[in-house]
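Biologist: Can you put the model on the screen? I have some questions about it.
Modeller: Here it comes.

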Amino acid sequence: MSEKRKDNRGRILHNGEIQRKDGRYQFKYVDADGREKFVYSWRLDHNDATPKGKVRTLSLREMEKQIQADLFDNIVSHGGNMTVLELAKKYISTKTGVRPTTKAGYNTVIIF
């Protein structure tokens, strides 16, 4: 049976989580564009204390939940490199069940 990965406190780490040598926790994920991204935190769980001299941010598991919710909802969490035209097309594609005249009006806004 394979060994479970644990941090230096003995807690089992989830998939994508690692603890770095300096004690910081890292989470690796793939964004909507297919690129690997990383987030870091000094705390694994919301109950953990922040080391002295370090800025208190969200815990790694809280960041994971937020990232996974954003990926599920197709929200670009990092701001995106989307143009206004791409954003307008994406917005119009979400409008289903509208009358043909409304759809034609939407298309007049987008100039190819």
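Biologist: Start with Arg-9. Is it buried or exposed?
Modeller: In this predicted model, Arg-9 is exposed because its relative accessibility is 57%, and the cut-off for exposed is over 50%.

Biologist: Which side chain does Arg-9 meet in a salt bridge?
Modeller: That of Asp-48, with 3.1 Å from N to O. The two are 39 residues apart, so to speak of where they sit: Arg-9 is in the segment before strand 1 (17–19), and Asp-48 is in the loop between strand 3 (36–41) and helix 1 (60–72).

Biologist: And Asp-48, buried or exposed?
Modeller: Asp-48 counts as buried, at 10% relative accessibility. The cut-off for buried is under 20%.

Biologist: Which residues are in the salt-bridge network there?
Modeller: Asp-7, Arg-9, Arg-11 and Asp-48 are linked in it.

Biologist: How many salt bridges are in the whole structure?
Modeller: The search finds eight. Among them is the one between Arg-61 and Glu-17, where the closest N and O atoms are 2.8 Å apart. Arg-61 lies in helix 1 and Glu-17 in strand 1, so this pair ties together parts that are 44 residues apart in sequence.

Biologist: What about Glu-17, buried or exposed?
Modeller: Buried, as the relative accessibility of Glu-17 is 0%.

Biologist: Which residue does Lys-28 pair with?
Modeller: Lys-28 forms a salt bridge with Glu-36, and the closest N and O atoms are 3.5 Å apart. Lys-28 is partly exposed, at 39% relative accessible area. Glu-36 is partly exposed too, at 49%.

Biologist: New topic. Which residues make up the largest nonpolar core?
Modeller: Nine residues in all: Leu-13, Tyr-25, Phe-27, Tyr-29, Val-39, Leu-44, Leu-60, Met-63 and Ile-67. Strand 2 (25–30) and helix 1 each supply at least two residues of this core.

Biologist: Why would nonpolar side chains end up together?
Modeller: In soluble globular proteins, nonpolar side chains tend to be buried together.

Biologist: Pick Phe-27. What does it touch?
Modeller: Leaving out residues up to four places away in sequence, the contacts of Phe-27 include Val-39, Leu-60 and Ile-67, and also Glu-17. Val-39, Leu-60 and Ile-67 are core residues as well.

Biologist: Where is Ser-41?
Modeller: Ser-41 lies in strand 3 and counts as buried, at 2% relative accessibility. The Ser-41 side chain reaches the backbone nitrogen of Arg-43 at 3.1 Å. Beyond four places in sequence, Ser-41 touches residues including Tyr-25, Leu-60 and Met-63.

Biologist: Now Val-84. Buried or exposed?
Modeller: Val-84 counts as exposed, at 70% relative accessibility. Val-84 is found in helix 2 (residues 84–94).

Biologist: Zoom out. What pattern does the chain follow?
Modeller: The pattern is β-β-β-α-α-α, read along the sequence. The radius of gyration is 21 Å, well over the 13 Å that the globule rule gives for 112 residues, so the chain is more spread out than a compact globule. The C-alpha atoms fill a box of roughly 60 × 40 × 25 Å along the principal axes.

Biologist: How much of the chain is buried?
Modeller: Buried residues make up 19% of the 112 residues. The chain exposes about 8,800 Å², and carbon and sulfur atoms supply 54% of that.

Definitions and conventions. Residues numbered from 1 in each chain as written. Predicted model: local features only at pLDDT ≥ 70, side-chain atom pairs only at ≥ 80, totals over all residues. Heavy atoms only, no water. Salt bridge = Lys/Arg side-chain N within 4 Å of Asp/Glu carboxyl O. Helix = DSSP H or I, 4+ residues; strand = E, 2+ residues; numbered from the N terminus. Buried < 20%, exposed > 50% of the residue type's maximum accessible area, 1.4 Å probe, protein only. Core = buried A, V, L, I, M, F, W, Y, C linked by side-chain atoms within 4.5 Å. Contact = heavy atoms within 4.5 Å. Polar contact = N/O pair within 3.5 Å; in protein donor to acceptor, adjacent residues only side chain to side chain. Rg over C-alpha atoms; globule rule 2.2 N^0.38 Å. Areas by Shrake-Rupley, 256 points an atom, 1.4 Å probe, with all protein chains shown as cover.
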